[in-house]
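Hi there,

I am handing a structure over to you today. Please open it beside this message, and then read on for what was found in it.

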2 protein chains.
Amino acid sequence: MADEITVLSPATVSNVVCGFDCLGFALGEPRDRMKLRKIDERTVRIVHLDEFGLPVEAERNVAGVALQAFIREAELPHGFEVEITKTIKPGSGIGSSAASACGAVVAANYLMGERFSRAQLVEIAMAGEMIASGSRHADNLAPCIYGGFTLVRSSEPVDVIELDFPDLYATVVHPQVEVKTSEARAMLPRAVPLKDAVKNWSNLGAFVAGLAKGDTDLLVRSMIDTIVEPTRKRLIPMFDEVKVACIEAGAIGGGISGSGPSMFMLSADEPTAVSLDAVIRTVYANTEFDIKTYVSGIDRRGVVPA
Amino acid sequence: MADEITVLSPATVSNVVCGFDCLGFALGEPRDRMKLRKIDERTVRIVHLDEFGLPVEAERNVAGVALQAFIREAELPHGFEVEITKTIKPGSGIGSSAASACGAVVAANYLMGERFSRAQLVEIAMAGEMIASGSRHADNLAPCIYGGFTLVRSSEPVDVIELDFPDLYATVVHPQVEVKTSEARAMLPRAVPLKDAVKNWSNLGAFVAGLAKGDTDLLVRSMIDTIVEPTRKRLIPMFDEVKVACIEAGAIGGGISGSGPSMFMLSADEPTAVSLDAVIRTVYANTEFDIKTYVSGIDRRGVVPA
């Protein structure tokens, strides 16, 4: 067995419109690079090759905590050193912490002869996600590890459903503002009127059917979120303007990525996805907000060896 | 064009567990028989060949109101006489009024050269459903007209999604008790805690995916309703006992049909569905409750010429 491996770990979009807290997908770009090496000492050493200034103490680092959980679960007598080159900016809302946690545990699993299933790896990676977000949730971990569109039916126990889906393209914009997770969370309603909940699950059922059928029109009709978006969108500068302009320009639909500030738009073909990038840049052109954008297909592989 | 047609209109199950107010399917049995004949007078005449004592005045009869709506929408100069032989007992919770409304409008549509789409027929039939239930809803109308599993994403405007699904079998039990629609409706929560709503839409998304994939295990895991069933099941004698016994005997899952009092159970094969019939009879054997049961495949055709 090899003692060293380098993996690429994708950014992910969670809370996909009507799929709040369960539906996510993996992006082709951006991806973090992580090199993992077995070391004799039963510990986790972290080296950052990027400029994000994340903690190097294992117990304060998402990848570190995930690797500690892996060592514990696998009852390993040794440890790991990990060199991390993040390109997914922490706090961007496209699964930066999930990419760290998943990259670490999938890499460790490769080195250990793939002893854990993907569902088990999600479970182990949740320890890392926990220190980043303060809650055990698998919405970003699942698409990061499985690739594609995933539905987390349950996180205790982990039940991840890989959805069938047609080729789709994502345009992501990350306005360079900070969204405090605590603030985004405080905006969630505690309860939802039954009729709004019914609308939402009708739309999610329709969206899942639309993915399975490859029915783009159905995706257009069902990409509606009346539960979370109406309040949380206030945290995202130019949200409505971006959405309206992108849909006019041919997007299937889109919304908040995770709890923001990133937004995503889905397109049926790559030229449209590329054109949305320009549309979005135009929206922000006369504002004070800096943005970063990404255009890619939906990743179907999850964390892979580099 | 023919002046007369006889159609068979299937019973339907709505509120399929996690698909409250949107998910339904059509049963192979029981089915109503309706013979429709063009008459010169621009009116609707109703003849009952069954013992249910339903109204014969068109404006008080579900099929009558649906036909009046059809005549209006199609701007017909003539009317219809309809002979109805119901076998689906009114108030049973398996779409008796939907079968009347759908049978009537689909038959009329055949006689008029199929001028309306199925979605339009659902829209027209809603007038009939309205007088039976007091609300415009398409949950039973959609599977009755389309056959199979349907998801009503929206009823205004009507947006029916035909779901892909594997061969499945239904065992239905109708305990001979009366459930007042008003009472069943009063039991519905006005609002749902967000985390319960999330669980429900995760399960519905998973159920739709399970149908599309033909993944029976996934159907088993996702047939959970923590929103409506916990309260409404009190209206149905022996609900828990039936459910537990059927699942032990190999059912995929099941729940309340419509707003009761019927219950349904799904099975992956016909012998299991038949065996559940005996299981259910045993549950009620030492009780005061009379029951009627039906075993059939899921109907894939909806209303058809006899």
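**What was found**

Let's begin with Val17(A), which sits in the loop between strand S1 (4–13) and strand S2 (23–39) of chain A. Helices (H or I, at least four residues) and strands (E, at least two) are DSSP runs, numbered from the N terminus. Please keep in mind that this is a predicted model, in which local features need pLDDT of at least 70 and side-chain atom pairs count only at pLDDT 80 or more, while totals for chains, interfaces and linings use all residues. Residues are numbered from 1 along each chain as its sequence is written, and chains are lettered from A and ligands numbered from 1 in the order in which they are written.

Is Val17(A) buried or exposed? Val17(A) is buried, because 25 other C-beta atoms lie within 10 Å. A residue is called buried with 20 or more other C-beta atoms within 10 Å of its own, exposed with 12 or fewer, and partly exposed in between, with C-beta atoms placed from the backbone. The phi of Val17(A) is positive, near 30°, and the residue is not a glycine.

**Chain A as a whole**

Chain A has ten helices and twelve strands. Its radius of gyration is 19 Å, close to the 19 Å that the globule rule gives for 306 residues, so chain A is as compact as a globular protein of that length. Here the radius is taken over C-alpha atoms, and the rule is 2.2 Å times the number of residues to the power 0.38. The C-alpha trace of chain A spans about 55 × 40 × 35 Å along its principal axes, and 54% of the 306 residues are buried.

Two residues are in contact if their C-beta atoms, placed from the backbone, lie within 7 Å. Among contacts in chain A between residues at least 6 apart in sequence, 72% join residues at least 24 apart.

One of the buried residues in H1(A) is Ala66(A). Leaving out residues up to four places away in sequence, Ala66(A) touches Ala101(A), Ala104(A), Val105(A), Ile124(A), Ala125(A), Ala127(A) and Gly128(A). The largest nonpolar core has 212 residues, and those with the most contacts inside it are Ala66(A) and Ala66(B). A nonpolar core is a set of buried Ala, Val, Leu, Ile, Met, Phe, Trp, Tyr and Cys residues joined through C-beta atoms within 7 Å. In soluble globular proteins, nonpolar side chains tend to be buried together.

After H1(A) comes Glu75(A), in the loop between H1 and S4 of chain A. Glu75(A) counts as exposed because it has 6 C-beta neighbours inside 10 Å. Although it is not a glycine, Glu75(A) has a positive phi of about 50°.

S3(A) and S4(A) run parallel and are joined by five bridges; strands pair if DSSP finds at least two bridges between them. The chain goes from S3(A) through H1(A) to S4(A), and this β-α-β crossover is left-handed. A right-handed one runs clockwise from the first strand over the helix to the second, with the strands pointing away from the viewer.

**Where the chains meet**

Here 34 residues of chain B are in contact with 34 residues of chain A. Which element gives the largest share of the side of chain B that touches chain A? That is H6(B), with 13 residues. H6(B) is mostly covered, with 16 of its 20 residues buried, and just after it Gly214(B) takes a positive phi of about 65°.

**Two cis peptide bonds**

One joins Glu156(A) and Pro157(A), with omega about -5°. Another joins Glu29(B) and Pro30(B), also with omega about -5°, and Pro30(B) lies in strand S2 (residues 23–39) of chain B.

Enjoy exploring!
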